[in-house]
Amino acid sequence: MAKPKVLATRPLFPAAQAILNAGCDVEYWKEAESISKNEMLQKLRDKEGLVCLLTEKVNQELLNAAPKLRIAANVAVGFDNIDLDACTKRGVVATNTPGVLDETTADFAWALMMAVARRVSEGEALARSGAWKGWDLDQLVGTDVWGKTLGIVGFGRIGKAMARRALGFQMKVVYADAVQAPEAVEKELKATYRGMTDLLAESDFVSLHVPLLPETRGMFDGARFHRMKPTAFLINTARGPVVDEAALVHALESGKIAGAALDVYENEPFIHAGLKRPNVVLAPHLASASIETRTKMACMAAENVVAFFKGQKPANMLNPQALKAS
Ligand code: GLV
């Protein structure tokens with residue numbers, strides 16, 4: 001029997017290719033430049049499966065161009081690039097890659113927090129510049145991370161991984177979430193539930209770990225920055241549009257907060273010029289980018305596709321209702 005035709009918008013990694021090739025007839029996009037929307041739509045005309053990145057929109061336009069499509073496997077845990085309702089109506093199953101990137105993402109959020117607090121980027125620039133004159137008592141003094149208060153907004157898997165790291169830094173951890181964690185988890189992680197207002201007032205570092213949803217879009221606006229301490233830092237490894245970027249720039253310019261460390265932006269890859277300041281550490285959406293984790297993410301997406309075409313339920317289905325519609 002002919003294998004189902006699948007488009008992968010990246011070559012993926014050899015381990016993921018091995019999984020996918022065993023069950024599917026795969027066309028990989030191998031150019032250095034990302035696939036354009038038009039090219040992707042054109043290639044999807046005869047495809048039943050898609051392995052895609054978070055930069056690619058799986059929306060009504062794509063579905064219209066892909067009449068045979070039955071599964072779209074996102075190589076990411078966040079799936080705000082996928083119009084789930086439209087997929088479900090069309091009977092297209094969508095999957096993501098939860099669970100494999102939590103520790104790696106928390107590592108990176110931690111790296112950003114350390115970098116902005118201890119002025120690592122500014123120090124590196126000075127060290128490379130040739131202008132460094134040697135040790136000085138008040139040179140590039142930053143602020144301590146250890147012993148401070150970490151406010152975690154969104155206490156899912158990644159938020160909890162942040163809390164676990166905070167234990168080693170003797171930090172006080174407060175968290176805000178739609179639901180309070182079980183007492184045993186709070187005890188283990190020494191984390192205390194707070195309303196957002198209290199969390200903002202208390203925290204020296206506020207780290208965002210919520211998905212992008214209608215209710216979290218623009219969640220960090222001028223009013224929220226106003227409630228933060230002027231000595232506090234914002235860390236965002238979640239999704240850019242959770243933060244109103246213009247309001248963040250205003251908060252930085254007016255000294256309402258001390259700084260920020262960002263991995264994600266409102267309109268990637270555009271970065272607001274007002275964020276390019278010494279007290280802001282900028283990274284280009286790298287939080288899950290370790291070879292171990294990216295390989296696991298790609299393999300997971302491949303496994304979801306292969307399972308689906310074997311007639312099994314993919315492990316990470318976002319819209320099981322789509323199976324009924326298909
Ligand atoms: C990365 O941003 C992801 O959602 O996996």
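I began with Arg 119, which I found in the loop between helix H5 (102-117) and helix H6 (120-129); helices here are DSSP runs of H or I with at least four residues, strands are runs of E with at least two, and both are numbered from the N terminus. I noted that this is a predicted model, in which local features need pLDDT of at least 70 and side-chain atom pairs count only at pLDDT 80 or more, while totals for chains, interfaces and linings use all residues. Residues are numbered from 1 along each chain as its sequence is written, and side-chain values use heavy atoms, with hydrogens and water left out.

Backbone entries. I looked up phi for Arg 119 and read a positive value of about 60 degrees, although the residue is not a glycine. I then turned to the peptide bond joining Glu 268 and Pro 269, which is cis with an omega of about 5 degrees; Pro 269 lies in the loop between strand E11 (259-262) and strand E12 (280-282).

Domain entries. The domain assignment, whose bounds come from an automatic or database source, gives domain 1 as 5-100 + 291-325 and domain 2 as 102-282. I recorded 32 Å between the two domain centres, taken over C-alpha atoms.

Where do the two domains touch, and how much area do they bury between them? I found 8 residues of domain 1 in contact with 5 residues of domain 2, contact meaning heavy atoms within 4.5 Å. Together the domains bury about 560 Å², 45% of it on carbon and sulfur atoms, where buried area is the accessible area (1.4 Å probe) that two parts lose on being put together, summed over both. In domain 1, the residues that lose the most area to domain 2 are Asp 80, Gly 99 and Thr 293, together 59% of what that side buries.

I finished with the charged pair. The count between the domains is 1 salt bridge, a side-chain nitrogen of Lys or Arg within 4 Å of a carboxyl oxygen of Asp or Glu, and I also noted that the side chains of Asp 80 and Arg 239 meet in a salt bridge at 2.9 Å, N to O.
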